[in-house]
Amino acid sequence: MKRALIFGVAGQDGAYLAKLLLDKGYRVIGTSRDAEVASFANLRRLGIFEQVTCISAAINDFRSTLAAIVQAEPDEVYNLAGQSSVGLSFQQPAETHESIDLGTLNLLEALRFVGRPLRFYNASSSECFGDTGTHPADETTPFRPRSPYAVAKAAAFWQVANYREAYDLFACSGILFNHESPLRPTRFVTRKIVATACRIAAGSGETLEIGNIDIVRDWGWAPEYVDAMWRMLQQDRPDDYVIATGESHSLSAFIAKVFGIFGLDWREHTRIDHALFRPTDIPRSQANPAKAHAELGWHATQRLDDIARAMVAAEWEQCDAVRAARLGV
């Protein structure tokens with residue numbers, strides 16, 4: 001039985017990855033900063049909490065990171081931890097760099113120190129590319145990060161590349177474009193849109209307060225993207241891969257699709273709030289995932305329509321459950 005250690009198992013990607021690995025017969029160990037008090041709500045929502053061994057670890061602390069790896073004795077290590085919000089990184093730039101850049105360095109040093117033939121996956125981000133313009137980004141596209149989050153992710157990416165070359169570690173980075181699911185926290189714009197639209201459809205009378213709706217992104221389905229992570233660690237040699245659908249859409253298009261599911265005109269229920277604009281933002285993000293198709297045999301099957309409908313269905317079901325609980329049904 002293979003053993004996998006997931007740093008950041010409580011998040012969206014961590015939970016879906018844990019489920020994927022359990023289904024493949026892995027023994028899964030996951031970390032949280034304080035496992036004794038963490039709710040692990042996403043693991044519980046997927047019905048796998050009892051199957052995951054949860055331990056405490058903070059990746060910005062080298063001793064804690066090393067202890068987790070020694071305790072878990074994994075074959076594969078996945079780094080999905082760290083501050084995950086681009087918007088929040090402008091408010092917490094130091095914490096963002098510490099949890100992403102320093103955290104990744106601690107993990108790499110711990111793997112080198114342990115000296116076992118482990119395989120390591122690092123979660124990188126399309127934010128590293130900045131504005132791709134009309135040229136879809138691939139693995140050769142230069143980085144031009146435009147947020148503290150993106151700068152930290154870019155630094156972590158090069159840490160992984162350096163350790164792979166200098167110490168012959170099996171270490172790779174997945175440069176993932178936006179990927180969504182019902183497990184997204186409501187501070188993320190797609191979940192915020194879906195949750196607000198559901199409440200409006202239920203008669204709340206509120207308005208969706210939103211920032212820049214002209215941004216263009218490549219949105220995928222998170223459960224598919226964790227499969228790409230796993231595939232990277234099954235290759236004969238480590239490498240880095242762009243993971244995306246290859247299709248980009250504006251945020252306004254996503255809003256229109258979500259409200260359209262309820263037969264609503266989004267323009268009648270939305271207000272642009274310039275206070276929600278970021279200090280710097282990426283107008284357009286496009287991807288070329290051809291390498292992942294060719295070498296990993298991976299491709300995205302869920303597109304924007306599918307993602308919108310799946311997220312609305314899950315949100316509506318959750319709202320029904322909350323209403324039933326309040327009524328004592």
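Biologist: How many strands form the open sheet, and in what order?

Modeller: Helices (H or I, at least four residues) and strands (E, at least two) are DSSP runs, numbered from the N terminus. Two strands pair if DSSP finds at least two bridges between them. Here seven strands make an open sheet, ordered β3-β2-β1-β4-β5-β6-β11, with parallel pairing. β3 (53-56) and β11 (241-243) each have a single partner strand, so one side of each is left without a neighbour in the sheet. From one strand to the next the twist averages 25°.

Biologist: What should I know about the model itself?

Modeller: It is a predicted model, where local features need pLDDT of at least 70 and side-chain atom pairs count only at pLDDT 80 or more, while totals for chains, interfaces and linings use all residues. Residues are numbered from 1 along each chain as its sequence is written, and side-chain values use heavy atoms, with hydrogens and water left out.

Biologist: Which residue is the bridge partner of Arg 3 in β2?

Modeller: Arg 3 has Arg 27 as its partner. β1 (residues 3-7) and β2 (residues 27-32) run parallel, joined by five bridges. Elsewhere, β5 and β6 pair in the parallel sense over seven bridges, and Tyr 121 stands opposite Cys 172 in β6.

Biologist: Is β1 mostly covered or uncovered?

Modeller: Buried means under 20% relative accessible area, exposed over 50%, and partly exposed in between (1.4 Å probe, protein chains only). Four of the five residues of β1 are buried, so the strand is mostly covered.

Biologist: Which strands does helix α3 lie across?

Modeller: Axes are lines fitted to C-alpha atoms, for helices over the stretch in contact, and angles run from 0 to 180 degrees between N-to-C directions. Contact means heavy atoms within 4.5 Å. Helix α3 (residues 62-72) lies across β1, β2 and β3, at about 160° to β1. Helix α8 (residues 222-232) lies across β4 (76-79), β5, β6 and β11, at about 155° to β6.

Biologist: At what angle do the axes of α5 and α6 cross?

Modeller: The axes of α5 (residues 93-114) and α6 (residues 148-167) cross at roughly 10° and come within 8 Å. Angles under 35 degrees count as roughly parallel, over 145 as roughly antiparallel, 65 to 115 as roughly perpendicular and the rest as oblique. α5 and α6 are therefore roughly parallel to each other. The residues making the contact include Ile 100, Asp 101 and Leu 108 of α5 and Ala 152, Ala 156 and Tyr 163 of α6.

Biologist: What does Asp 101 touch?

Modeller: Leaving aside neighbours within four places in sequence, Asp 101 is in contact with Thr 96, Ala 152, Ala 155, Ala 156 and Gln 159. The C-alpha atoms of Asp 101 and Gly 82 are separated by 8.8 Å, and these two residues are 19 apart along the chain.

Biologist: What covers the buried residues of α6?

Modeller: The cover includes α4 (86-91), α5, β5 (119-125) and β6 (170-176). Among the buried residues of α6 are Tyr 149, Phe 157 and Val 160.

Biologist: Where is Asp 168, and is this residue buried or exposed?

Modeller: Asp 168 is in the loop between α6 and β6. With a relative accessible area of 71%, Asp 168 is exposed. Its phi is positive, about 60°, although Asp 168 is not a glycine.

Biologist: And Phe 40, buried or exposed?

Modeller: Phe 40 counts as buried, at 2% relative accessibility. Phe 40 is in the loop between β2 and α2 (41-45), and its phi is near 50°, a positive value in a residue other than glycine.
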